[in-house]
Amino acid sequence: MAIPHGKLPGWADYGLLPLINVIVAFSVSGLVVLLAGESPVRAASLLVEGAFGSGQNIAYTLYYATSFIFTGLAVAVAFHGGLFNIGGEGQAYVGGLGVALVCLWLDTLVPWWITFPVAILGAALAGAAWAFIPAILQAKRGSHVVITTIMFNFIAASLMVYLLVGPLKPAGQMAPQTRTFFEGGQLPKLNWMLEAFGFTIRSSPLNISFLLALVCAFLVWILIWRTRLGYEIRTQGHSPKAARYAGIGEARIVVITMLISGALAGMMALNPVMGDTNRLQLDFVTGAGFVGIAVALMGRSHPAGIVPAAILFGMLYQGGAEIAFMMPNISRDMIVIIQGLVILFAGALEHMFRPWLAAAFASVSPRSVGLGRTGREGA
Amino acid sequence: MEVVTFFAQVFDSTIRLSIPLLFACLAGLFSERAGVFDIGLEGKMLAAAFAGAAMAAVYGNPWLGLMAAIVVSTAFALVHGFASITNRGNQIVSGVAINFIAAGATVILGQAWFMQGGRTPSLTGDQRFTAITLPFASELRGVPIIGEIYSVVLSGHSILVYIAFFMVFFSWWVLFRTRFGLRLRAVGENPAAVDTAGISVAWLRYRAVICTGILCGFAGAYLSMSIGAGFVKDMTAGRGFIALAALIFAKWRPGPAMLACLLFGFLDAISIRLQGTPLPMVGRVPAQFLQALPYVLTVVLLAGFIGRAIPPRAGGVPYVKER
């Protein structure tokens, strides 16, 4: 879509404007805190304290961030192809099935470092498979991927309940979950990494899939900006018409983009299932698939933006627990509001401040917005 | 006779369960016919359910609650309108945002105001919309089949149920028999033509979005003040999305929308009824299968395997006057 109204210098377009949007989102969140009868300033300080106050807290923050990096990347890849994958939640859920099946199969046979790559493959395949049907339906039958992926979230929820209260549950157990994986199905923790920086950590769920998430972020950057396929995906996203003239197969790109997106969402399951609880539980995704939308929008669909945005949301999740403990009126649902406001201001209203900002730039320094005497193109 | 009673009860709960879908579905109809996609039906319904229950709990009057529900839901609808009409933002993104804001805000404010873990106090007696017994319902009960249908299925619902069915007719009349409706549909198909005729596209779409807000307000009020007695966290439970599915299923028409909502309500009712009981011939159907059925049906429909669902042509596209 064409960017409406004024032109801005590059740094304002990619740095300042998103920053303003996020600040507005957080200010409105502060108003909600005020409405609930608590001090926003104290909430903010509790949040930061809760997220970064100790090595333990940092580890938890990064643990949550790991999931959000995966789902954020998943949404971002689809965005580049002009697709809106709301199905990250369902794809991650089904990805958990892939992880669990691999772990249940291999955990008594081989050590974790053999199980891990197979589990990555299992998660990615399961997530991609769940994205494949909406993708092929859009590519071949013209049904919109937004609606079908929403529907597939619900279908995934029903499917997983069915599997977890039925076939996957060990006999004689009440809770709807698989058996606990043995050592061969447990990812090693990353506590040593933070301890190397001088923190002490009793126990935390931060595990090696955090490093995998960072690797994936790098690979996504290479894919989107450094490969032929990435170029085709971006072309398709910017202008389907241009892509068609250039001979890029529209159906092929839609399917491939959604498969990559689904695979990334599916890999999110490694973090909680194999890294923390070591069993497949009901609703283990807990909204991480949707957080991915906020993360991708905030990070402007670039891995370099997605990783910090994911850490910010990890901070909200971990620090939010601290606030909930200290301020009984502010439960963890506060995060859901913040998430919504970030999506609103950084996504739907992303251009709201643009005309205003452009006018400000034009009056302070006309040259920066391409109005200078030299008549050069704006930077 | 037992079969008749069984089906009368199932149809009775079918009506109860399909009413929120019906209101929400008609709500979506107005917005999407005007070219504004709305996946925020869920959030508006939830916010309305909370506002209604909170108001009714404090002031003890369900009609005041309904007003509050409509006002809050319309406010959310206007935010969606501001983002997608005035700011030409992505309508899907805006809808997602509204769903999250409503999901979080209802619980936070509920906890802060009522201190009951995010729920509102239970509504009792007159604080809810109570059941209306249609005339002669008890007298006709003895009449076989017809009496059963009249007294069990049709009678004994709250006023909102009858309003919902009236709204189906009313929406049809507004959309297909008034000037406003014609323009509204035109703006969803070809806004440039409407603009050329000297009619404001933005104002027309805003009015459509307001209609959506009002109807979502009814849907939420029904959930928390008629079928339920008070607000509980996430009480919409995906109904906004089923309503969206029903809307697509009905190919964006009011009459079929009612049938689609009744069908999805029936699936819901039957899945509650059949939990654990084996069916003749088929054997035991897992409840999850029936729960997933509306979504599966919608996907199949969207894929064009049963008929073709073609959305309003300008749906999801912000209107830019100057090119």
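Reply: Two residues are in contact here if their C-beta atoms, placed from the backbone, lie within 7 Å of each other. Keep in mind that this is a predicted model. On that basis, 40 residues of chain A are in contact with 37 residues of chain B. On chain B, the elements that put two or more residues into the side touching chain A are helix 3 (62–86), helix 4 (91–114), helix 11 (239–249) and helix 13 (287–302). Helix 4 of chain B gives the largest share, with 15 residues.

R88(B) sits in the loop between helix 3 and helix 4 of chain B. Its phi is near 50°, a positive value in a residue other than glycine. That's worth a glance, since most residues other than glycine have a negative phi. R88(B) is partly exposed, because 17 other C-beta atoms lie within 10 Å of its own. Then go to W252(B), which lies in the loop between helix 11 and helix 12 (254–273) of chain B. W252(B) also has a positive phi, near 60°, and isn't a glycine. It has 22 C-beta neighbours inside 10 Å, so W252(B) counts as buried.

Next, A246(B). This residue and F23(B) are the ones with the most contacts inside the largest nonpolar core, which has 233 residues. The largest share of that core comes from helix 3 (residues 55–80) of chain A, with 17 residues. Setting aside neighbours within four places in sequence, A246(B) is in contact with L21(B), C25(B), A257(B), A260(B), C261(B) and F264(B). There's also a second, separate core of five residues, and L8(A), L17(A), L357(A) and F361(A) are among them.

While we're on chain B, have a look at S13(B), which lies in helix 1 (residues 2–33). S13(B) and A269(B) are 256 residues apart in sequence, yet their C-alpha atoms are 5.9 Å apart in space. S13(B) is partly exposed, because it has 18 C-beta neighbours inside 10 Å.

Take helix 12 (residues 270–277) of chain A, where seven of the eight residues are buried. Those are L270(A), N271(A), P272(A), V273(A), M274(A), G275(A) and D276(A). What do they pack against? The buried residues of helix 12 of chain A pack against helix 3, helix 4 (88–106), helix 5 (112–141), helix 8 and helix 11 (250–267) of chain A.

Helix 13 (residues 288–298) of chain A is largely enclosed by the rest of the structure, because 11 of its 11 residues are buried. Reading along helix 13 of chain A, they are A288(A), G289(A), F290(A), V291(A), G292(A), I293(A), A294(A), V295(A), A296(A), L297(A) and M298(A). Just after helix 13 of chain A, R300(A) takes a positive phi of about 50°.

Stepping back, what is the overall form of chain A? Its C-alpha atoms fill a box of roughly 80 × 55 × 40 Å along the principal axes. A compact globule of 379 residues would have a radius of gyration near 21 Å, so the 22 Å of chain A agrees with that. Of the contacts in chain A with a separation of 6 or more, 76% join residues 24 or more positions apart.

Finally, how far does the predictor trust all this? Chain A averages a pLDDT of 87, and 95% of its residues score at least 70. Among its elements, helix 8 (residues 209–226) of chain A has the highest mean pLDDT, 95, while helix 7 (residues 191–195) of chain A has the lowest, 81. The stretch to treat with care is residues 373–379 of chain A, where pLDDT stays under 50. For that stretch of chain A, the model has seven contacts beyond four places in sequence.

Technical notes: Residues are numbered from 1 along each chain as its sequence is written. Chains are lettered from A and ligands numbered from 1 in the order in which they are written. This is a predicted model: local features need pLDDT of at least 70, side-chain atom pairs count only at pLDDT 80 or more; totals for chains, interfaces and linings use all residues. pLDDT is the predictor's confidence in each residue, from 0 to 100. Helices (H or I, at least four residues) and strands (E, at least two) are DSSP runs, numbered from the N terminus. A residue is buried if 20 or more other C-beta atoms lie within 10 Å of its own, exposed if 12 or fewer, and partly exposed in between; C-beta atoms are placed from the backbone. A nonpolar core is a set of buried Ala, Val, Leu, Ile, Met, Phe, Trp, Tyr and Cys residues joined through C-beta atoms within 7 Å. The radius of gyration is taken over C-alpha atoms; the globule rule is 2.2 Å times the number of residues to the power 0.38.
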